[in-house]
Amino acid sequence: MKNFTVFAGGLLWLISAGCANDRSYEINGSLEGAGNDSVYLVVTHGRQLPADTLRTVAVNGVFTFTGETDSVQNVTLVPGSIQSRKFFSFYLEPGDIRLSGHVDSMDHIRANGTYNNDLQTQVRQAETKTYNEIRALAQQPGNEVRINDLREQLNNNRISFIRQHPDAMVSLMHLYVLQDRVPLDTAIALFARLAPPLKRSFYGRFIDGRLAARERVRIGNPAPLFDALDVNGNPVSLAALKGKYVLLDFWASWCVPCRAENPYVVAAYERYKNKGFTVISVSLDHDRNKWTEAIEKDHLNWTHISELKRFEEPIAQLYGVQPIPDNFLIGPEGKILAAKLRGEELEKTLASFIQ
């Protein structure tokens, strides 16, 4: 079980039986139902590709990976085939990592033996109970308030965890999820508490960039200016629209919630377009035909911009947009008046500003 096959180059580890040192890891797994199948370990580097893929063969469901690592990495265990939809995520870090569970219940695998994996297992067990309660409540109408309370409880528990464990990868991943769900000042304070290596990691740098973008687009700040080309190749300048109310709307043809919001934007545009109000829609599409078809089908008769780069869309990055739908209401003086206006809230907000 010491024979490993490397499927991608650039490994950060020396895969060997290895002598013990403070960089060595050993993963000992017992996966019922795995038999004598292959077991893969996919090591990701943030969102960067390619991932590094290691392979060994189980004996009656028992397998081992050994090697060295200079840092804590997100890894995914995949049994049987690398294309399998069964997988389990945990942390690769120095030490003896123990995995146990069943191949048909990958969500319930236990990862223990090292600092980050012990913490992650504790969190998963606690949160699974809450998620099960949410799923049960969702089966019946009238439980929306309780469901929202439970989700808020999850967020509060994660905030408390980050404060108590500022050096844990689990905290970094919690903040990765929370950074656009909590007040900006809260997110900034939580990021400040993280240990320096976490801040320097891929996810740490990503969060830092997102918080900086959120800082740029605080309510009351001047809206970041941009110049672009519309769907017909005509120049568009936000600065040139000073003196108007502008709804900067972020969407995509493939985004179901965005398409559901479009009728509200259409209604607002028709009501206020002759009162100094306009819309600029920035699409996070990648297929021009689908983008233009959606514009026509949803009757979006205003300015449209997209470089067809999905979430790499420059204006979306400038405004820290993720997820969509998202929007910003910009006033005649060029300042951000409101954001994330959904449904009837859009018309009500416009009515409070435009007579």
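## The largest pocket

In this predicted model, the largest pocket has a lining of 20 residues, and those that lie nearest its centre are Gln120, Arg124, Glu127, Tyr131 and Arg158. The volume of this largest pocket is about 650 Å³. Rolling a probe the size of a water molecule over the atoms shows where empty space is left.

Several elements contribute to the lining of the largest pocket, and strand 7 (88–92), helix 1 (115–138) and helix 3 (169–178) each supply at least two of its residues. Helix 1 gives the largest share of that lining, namely seven residues. When the lining residues are sorted by class, nine are nonpolar, six are polar and five are charged.

## Helix 6 and what covers it

Helix 6 runs over residues 202–216, which makes 15 residues, and the span from its first C-alpha to its last is 21 Å, close to the 21 Å expected at 1.5 Å a residue.

Which residues of helix 6 are buried? They are Tyr203, Gly204, Phe206, Ile207, Arg210, Leu211, Ala213 and Arg214. The cover over these buried residues includes strand 6 (73–79) together with helix 3, helix 4 (184–193), helix 5 (196–200) and helix 9 (314–318).

## Backbone points in the loops

Most residues other than glycine have a negative phi, and most peptide bonds are trans. Against that background, the peptide bond from Ile324 to Pro325 is cis, with omega near 5°. Pro325 has its place in the loop between helix 9 and strand 15 (326–330).

Two residues have a positive phi although neither is a glycine, with a value of about 60° for His299 and near 55° for Lys340. His299 lies in the loop between helix 8 (288–297) and strand 14 (303–305), whereas Lys340 is found in the loop between strand 16 (336–339) and helix 10 (344–353).

Are these two residues buried or exposed? His299 has a relative accessible area of 52% and is exposed, because the exposed class begins over 50%. Lys340, at 48% relative accessibility, counts as partly exposed, because this value falls between the 20% limit for buried residues and the 50% limit for exposed ones.

Definitions and conventions
Residues numbered from 1 in each chain as written. Predicted model: local features only at pLDDT ≥ 70, side-chain atom pairs only at ≥ 80, totals over all residues. Heavy atoms only, no water. 1 Å grid on protein atoms, 1.4 Å probe; cavity = no way out; pocket = protein on both sides within 12 Å on 5 of 7 lines; lining within 4 Å. Points joined across faces, edges and corners; volume = space filled by probe spheres on them. Helix = DSSP H or I, 4+ residues; strand = E, 2+ residues; numbered from the N terminus. Nonpolar A, V, L, I, M, F, W, Y, C, P; charged D, E, K, R; others polar. Expected span 1.5 Å × (residues − 1). Buried < 20%, exposed > 50% of the residue type's maximum accessible area, 1.4 Å probe, protein only. Contact = heavy atoms within 4.5 Å.
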